[in-house]
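Okay, thanks everyone, let's get going.

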Amino acid sequence: MKSKRYKVRTTIHSIIALISLLAAIPFAAAQNKKLQAVTFYQDVLPILQEHCQVCHRAGGIAPMAFETYEQTRFYADAIRIAAQRRAMPPWFAEEGIGKFSNDPSLNDAKIATLAEWALTKAPEGNSRDAPAGPKWAERWTIPEPDLSVVMTEGVEIPAEGEVDYTYEIVPTHFTEGRWVQASEILPGRPEHVHHAVVYVRPPDTAWLRHAPAGKPFTAAMLNTEEDRHDAMRTDSDILLVYAPGSTPDNWPRGMAKYVPAGSDLVFQMHYTTNGKAATDVSRIGLIFAKEPVEKRVLTLQLTNDHFVIPPGAPDYRVEARGTLPHDALLMSFFPHMHLRGKRFEYNIVRPDKSIEPLLRVNYHFHWQMSYRLAQAMPLKAGTELQAVAWFDNSKANPHNPDPATAVRWGEQTSDEMMVGFFDVAVKKEFDKWRFFERGKGTKK
């Protein structure tokens with residue numbers, strides 16, 4: 001019979017052995033992780049599919065594709081550096097103000113994965129580990145459109161000089177009103193398109209009624225001074241705004257934009273030259289709502305076109321304010337400036353004049369992003385919204401065309417703009433006119 005002392009000693013040894021085993025588990029797991037190298041197919045490709053391929057794919061706007069190992073491995077170190085600097089994927093909203101559904105930013109774990117892959121000489125791994133990739137419909141980032149509305153005639157873009165805003169009116173031939181759930185503008189020549197706006201022109205509006213349909217024209221080509229002046233000023237609903245980096249529209253279920261029966265779509269195109277002549281044929285893809293619509297989405301704007309930025313001013317402030325005449329759900333933002341744009345912000349001005357920040361952006365002219373709220377924000381009638389823009393007209397701005405000149409509002413990139421687009425969801429029966437009829441209720 002064994003002694004009690006032996007049993008105690010055996011028990012103590014067992015406990016020590018168990019503690020040692022448990023202590024070794026994290027170390028063994030860490031060692032095992034080191035043995036399992038980060039590979040392209042298993043670890044890197046899922047990150048690229050989720051965060052990068054919307055641009056870095058065949059037909060995308062990026063100059064290189066990251067869809068295959070052969071395409072990607074050459075850029076492994078560049079990807080690591082861009083991710084660690086948080087330069088890619090691009091996102092310019094100030095952290096801590098608002099939450100946005102289209103934020104493509106990488107978290108620390110994904111940045112570490114990309115870095116480890118590059119630093120271990122970009123191993124390929126087993127192609128059987130590759131996840132199923134997204135299915136892109138040509139160049140579209142939205143699903144395959146129900147309808148693609150194409151400019152009827154191409155626009156000839158010269159090799160040099162400035163190009164006036166170019167318009168083209170394209171009939172929809174809709175025999176009934178259509179609710180547009182999602183839309184995307186695809187420039188034919190994205191390297192030449194500074195921005196584009198597609199307007200909805202209902203059959204009962206007088207806007208551009210003396211302009212030719214189905215062929216490009218500028219305001220200067222119209223016959224009367226009134227027509228030339230009115231070309232740039234309209235209260236027509238905006239279907240979509242495009243600039244390099246902007247996000248297509250894709251509204252939640254029950255929300256959509258409306259195109260009345262018999263409407264035309266008016267493409268307003270701003271082209272820039274780059275030393276090579278080209279012909280642009282742009283288009284807009286439309287996906288129609290498949291379920292009943294409860295809210296109509298309107299694109300509104302806070303604009304200040306009466307400013308003068310002094311020569312050399314490094315941080316010039318321009319402000320615009322507006323008050324909502326009816327209740328609305330705030331959905332998204334799209335700030336627009338030109339080459340001297342530095343920062344842009346949207347705020348609510350409370351009755352006590354204090355400020356509630358909604359979005360603050362370090363503006364990037366060559367990557368003009370839209371910012372979709374993760375949760376729509378209810379705003380009561382009477383809410384005052386403020387947009388504030390800062391411009392850098394100094395020599396320190398590497399994009400500044402001429403720091404020695406005073407800068408005013410104008411169409412060309414050498415001029416400036418201050419436009420704070422924002423989207424709201426309102427009563428289904430509201431068009432822009434009805435929304436701004438204060439206190440008159442709803443007209444059927």
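I'll take a helix pair and then a sheet.

Quick housekeeping: this is a predicted model, where local features need pLDDT of at least 70, side-chain atom pairs count only at pLDDT 80 or more, and totals for chains, interfaces and linings use all residues. Residues are numbered from 1 along each chain as its sequence is written, and side-chain values use heavy atoms, with hydrogens and water left out.

So, the helices. H4 covers residues 76-84 and H5 covers 108-119; they pack at about 150 degrees with their axes 8 Å apart. Helices here are DSSP runs of H or I, at least four residues, and strands are E runs of at least two, numbered from the N terminus. Axes are lines fitted to C-alpha atoms, for helices over the stretch in contact, and angles run from 0 to 180 degrees between N-to-C directions. H4 and H5 are therefore roughly antiparallel, a label for angles over 145 degrees.

Who makes the contact, meaning heavy atoms within 4.5 Å? On H4, the list includes Ile79, Arg80 and Ala83, and on H5, Leu114 and Trp117 are among them.

Now the sheet. Four strands form an open sheet in the order E14-E19-E16-E17, with antiparallel pairing; two strands pair if DSSP finds at least two bridges between them. E14 (316-323) and E17 (355-362) are the edge strands, each with a single partner, so one side of each has no neighbour in the sheet. E14 pairs with E19 (residues 384-391) over eight bridges, antiparallel. If you want one to click on, Arg317 has Trp390 in E19 as its bridge partner.

Terms used
Parallel < 35°, antiparallel > 145°, perpendicular 65-115°, else oblique. Contact = heavy atoms within 4.5 Å.
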